[in-house]
Amino acid sequence: MAAGTDVTVLPLTPQQRGVYFLHCLAPDSAVYNVPIMLRVLGDLDVPRLQRAVDLLRSRHQALRLTVEERDGELLQLIHPARTAPAVTIEHGPAADLTTAAAEAVRRAALPFEITRGPLWRVSVLTVGPAEHVLMLCFHHIVIDEVSATALAAELHRAYKDPDGPDPAGPEHRYADFCADLAAEPAPAVMEFWRRQLAGLDTLRLPEEHIPEEHGLFTGDRIGFTLPAGTAEQVTAVCRAHRVSEFMVFHAALLVLLHRWTGAADLAVGTPMAGRTDERYAETIGFFQNTVVLRNRLTPELTFAALLKAGRRTVLEALQRESAAFERVVEAVRPARDGGRNPLFQVALVFNRRKVEQDWTLPELTVEPLPFSWKTSHFDLTLTMLHEYGVLKGDFAFSAQRLSRETATRLAEAFVVLIGELTARPEGLLDEAELQTRAARDRVLALSAAEGRYVLDGRGRPQPLGFYGQVHTGRPGGFRPTGERGRFTGQGRFELWRDPVAAALTAHPAVARAALSEAAGESVACVVAHPGAELPSGRELFTHLQARVPGYLLPQRILPVTELPADAAELAALLTAAPAALPEEEPQGELELRLAALFEELLGVPGLARHDDFFDYGGHSLLAVRLVGRITEELGLPVSVGVFMNHPTVAGLAAAMSDGSATALPPGVVRLRAGTDGGKTALALIHPVGGTLMCYGELVRRLPEGIEVIGLERVAGAHPEDASYPALVDRYAAALAEALPGRPLALCGWSLGGVLAHSVAARLAGLGHQVELVSLLDSLAQRTAWDADRMAATALELHRLAAEVRAGGTGVIGRTDEQRLLMRRFGVDLAALHETPPEQAARMLADWGRLLALVAECAPEPNALPVQLVLCADNPAGYPEALAASWAGLYGTLEQLSVPGSHTEVLATPAVDLVAAALAERIARS
C-alpha cells in the first residue's frame, strides 16, 4: 500500500519483527550490525565507489527502508530513491593498517537510527596511495548472508561500470517476498513444531559469576582449527553414514553439551536461508529464518545412532522451515526469561566460506580484514567453516553467562571430542574422551596435590573448567563425596553451588538446601538451622525470586529434616507431604476492594490475598495508576514506595490499616525498617521518573539491619515548587522530620544523584549528620550547555504532554530521541502507552517541571564524602566526563566502576556491587 510521497508501506515480516524487538531491547548494541571489513590494495577510486553505492541504494528497496511504529503496528517504509536517506562514504586518512582497522570497527559498531535511516554505512580509511580499509556495515533488518553475497556481486559490477546496471532494479521482488513471508504457515507445519518443541526446558548452562561481564549481547569468541586427521575422519563419517558435515558438527555439539551440562533433552538453533522460492534467490533483504533442532540423548546411544537421529531431525526441520521462528515461539509458548533467547540458548552455524571472500572490486586486490567483534546473539554459538579443505571453528559466547576461560576449555574439549567420535562412530557417547593425555595428566597432578577433581560418570578426570563428581583420597583409592566441583584453568579447585540452593541457604533460617527432580516436578528441599523455625514456603519463594532468574525457580519448596539421598527418597517425601494449602481469598472490606483494583488493572481474575502484583504483569507505571485509583476511590492516600514494599493485597491492606503507609511526611516512604537502632539510615532519592521502583533490587540486596527510606515524587501528589532551592528545602525538611537526629546516607541514580547531592548539603547546613552521598551514574550540570540541554528536554516533555492530551499515548516514542529519553528515565515505553492519556500527560509535564527546576542551578561545593559509581559500558569517554563533572564539589571522593550501562546500574550484576559498597560505607560510619 502506498503512503504519501510514493513511500511504500509494508508490515514488518515475522523475521524482521524478531530483529526489531531485540534492537529495541538494546538499541545501542552492535549485535545486529553486520560489518564487512576489507583490505583493498591498489588505486581505489572513491568517487567511483560512491556512484556504485548510490546505484545499489537505487536498485534495492531493502537498502532504502526505515521502520516505524504506527497505531501499535510495526511497519517498514520503503522510500523512493530520490528521497531515501543518502549513504555518503566517509573517507579519511589513517596512520597505519592497525589504526585504520580499529577506526573501521569503531564506525561499524555505531548504532543505527532505525526510524530515520539509512540502515547501512560505508567508510574508506586510506593508509597509503595503494592501501585502504573498506568498511560496509548494515543493520541486520535489511540484510542476511545470502543478500550479502548477492550484493557483493552487484557492487563489483557497479564499480566496474556505474552506468551499466538498471537503476530501477528488481523493484517488485522485495515487496512480493515480504508479502509471502507474512502469510500464515500451513496448519500442519505449525502442528509439527508444537509437537516437536512441547515441554522444552531452558538449557541450564553452568554459569559463572564474571566480574568483567558487560551489557546485553556483549560477547567474545574463541577460535580453533581441527587437525587434518580429524577433518579426514569427518569426511569419512559423512560418506559412511550418509550425513552432511553440518550433521556431524550438530551431533558432536550435542554430545559436548550433554557432557558439559548433564542435560539429555537438548535444543540447538541454526539459521536457514529462508528462500525456498527460487524467484527470490538473490533478492536483497533480511529473509533468514531460524529453526530449532531438538534431540534426546540416552546412555546406550552410539555416535552412529545419534547421527541417524540427528539426520532425521535436520531433514524434518528443513522440510518445515517455512514457519518463521517468531511464529513458532508464539505457537509453542515456552517459559520466557527476559535475558535469554526463547526455545534455545545454543546455536550452530556452518559456512563453506567467509562472507567477506565474496566481496571483490575490479582491477583491485580485495581480501578479508580480520577484526574483533565483541558481541554474541546467544549464550553460546558454534560456527564451523570449511575453507580451502581446512575445518575451522569458533565459539562465540555471552560475556554475561560465561568466562573466556570456560569458552576456551569448551573449544579444546570439542576438538578432542569430535576426533574421538569420528574415529569410533560405533562407540558409546559417554566413552569418548574430552581431553588430551597431557591435559588428563595435569588434572591428575592437581588432584594429587589437592587430595580430591573431579570425575565424570565413568570415573575419568573431567577437563579443566568442567564440573563433575568430587572424590577424595589418592589415585587408586578415591571415595565420592556426593559434591560437584571442578578445577579451573588456573588449577584452583571450586565446589559447585546450585544457584537455588545457594540463594536458599542465604536465608538466616536455612542450614542446607538442594534442588531435585521427581515425577517431573522441580523441588527445593530445605533443612532448618537447629532451633530455627523455617518461614512459610511463600516467604522462601519470595526470597528466591529476588535472587535467581525466573527459569531456575523450583515448582515447590519442601521443608525436610534431612536432604533426600536420591530421587526415590524424594518421591516418597513428596507422597507423604501434605497437599499445598489453597490460596487464601481476600479478607475484609479493604482487602476485597484492593483485590478488585488489582484484578481490574492487571486483567487477572481471582487473585489471592498474598499474590504479588509484580508476578502477574505489574510494572512501575501500572503501580502509579493503582495508587492513584486507591487514593481516588478509597479516600486512603498511599505512596508508590509503600506499595513497592507491600505489593500484595494483604500486605498493602495491613500497611494502610496500621498507619505505616501514612506515618511519614508527604513524599517520604519507609522501604524497610532497620534493626540497627540509631545507626546510619539510607535515604534513596527518586530519579526524574519520580518513583522509587528502580531501587527495588538494591533494597533487597542490602543487609537486613539497615533502615531504608525513600523520597518519591508522584505527579499531582506534591506541592508546586517555585524554584530549585525551594524544592531542595522541602526535600531536606521532609527527611529531617522523618528521621530526626539520625545519621543519614543519601543515594540517587541519574538525576536522583543531583538531587541527593543538593539535599545532603542542605541537611548538613541544618545541622543534620550526613555520612555519605552516593551518586549512581549521575552527571552534574556544570556548564551552560548542560543547563540548556536540560531545559530543552523539559520543553520537549511539556510539548509531548500536550500532544498526549490531544492524541493519546501512542504519540510517545515516535522518534529515536524520545525512546532514548524514556529509557534513560527508566520508563517502560510499552507500559507508558497503556497508561490513561491524562495520567501520562500529568507525569510527562511533572518530569518537565522537575528538569526545568534542576536546570536553574548548578550544584554547589560542599565538604561531604561522596561515592561516585560509574558504569563501565557507557559510551566511550562518558564515564570520564561524568567524573569530571563532579570535580571540586565534595570533601572526599571514592570512585567505583561497575559493569553495565546507565540503565543497568540497578540491575544484576552491577546492583550487587553497588549494594556491597553502600553497605560497607554505612557500616564504617
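Which residues does Glu245 touch, not counting residues up to four places away in sequence? Select Glu245 and keep that in mind while you get your bearings.

This is a predicted model, with residues numbered from 1 along each chain as its sequence is written. Local features need pLDDT of at least 70, side-chain atom pairs count only at pLDDT 80 or more, totals for chains, interfaces and linings use all residues, and side-chain values use heavy atoms, with hydrogens and water left out.

**Stop 1: Glu245**

You're in helix α8, residues 245-261; helices (H or I, at least four residues) and strands (E, at least two) are DSSP runs, numbered from the N terminus. Show everything in contact, meaning heavy atoms within 4.5 Å. Glu245 touches Val234, Cys238, Phe350, Arg352, His386 and Leu391. Glu245 counts as buried, at 8% relative accessible area; buried means under 20%, exposed over 50%, and partly exposed in between (1.4 Å probe, protein chains only). Now draw a distance to His386: the two side chains make a polar contact at 2.9 Å. That term covers a pair of N or O atoms within 3.5 Å; within protein, one must be able to donate a hydrogen and the other to accept it, and residues adjacent in sequence count only if both atoms are side-chain atoms.

**Stop 2: Leu421**

Hop over to helix α11 (404-423), where Leu421 sits. Leu421 is buried, with 2% relative accessibility. Beyond four places in sequence, Leu421 touches Ala252, Val255, Phe303, Leu429 and Ala432.

**Stop 3: Asp180**

Asp180 is partly exposed, at 40% relative accessible area. Leaving aside neighbours within four places in sequence, Asp180 is in contact with Arg279 and Tyr280.

**Stop 4: the three-stranded sheet**

Switch to cartoon and find the open sheet ordered β16-β17-β18, with antiparallel pairing. β16 (468-472) and β18 (493-495) are at the edges, each with a single partner strand, so one side of each has no neighbour in the sheet. From one strand to the next, the twist averages 60 degrees; axes are lines fitted to C-alpha atoms, for helices over the stretch in contact, and angles run from 0 to 180 degrees between N-to-C directions. β17 (479-487) and β18 pair over three bridges, where pairing requires at least two bridges found by DSSP. Zoom in on Arg486, which stands opposite Glu494 in β18.

Next, click Thr488 in the loop between β17 and β18. Is this residue buried or exposed? Thr488 is buried, at 1% relative accessibility. Apart from neighbours within four places in sequence, Thr488 is in contact with Glu405, Leu464, Gly465 and Glu494.

**Stop 5: the second largest pocket**

Finish with a surface view. The second largest pocket has a volume of about 810 Å³ and is lined by 37 residues; Val638, Ser639, Glu712, Val714 and Ala717 lie nearest its centre. On a 1 Å grid over the protein atoms alone, a pocket is an open set of points where a 1.4 Å probe fits, with protein on both sides within 12 Å along at least five of seven lines; lining residues have an atom within 4 Å of a point. Colour α17 (620-634), β22 (668-672), α21 (724-738) and α26 (837-856), which each supply at least two lining residues. α17 gives the most, with seven.

Terms used
Points joined across faces, edges and corners; volume = space filled by probe spheres on them.
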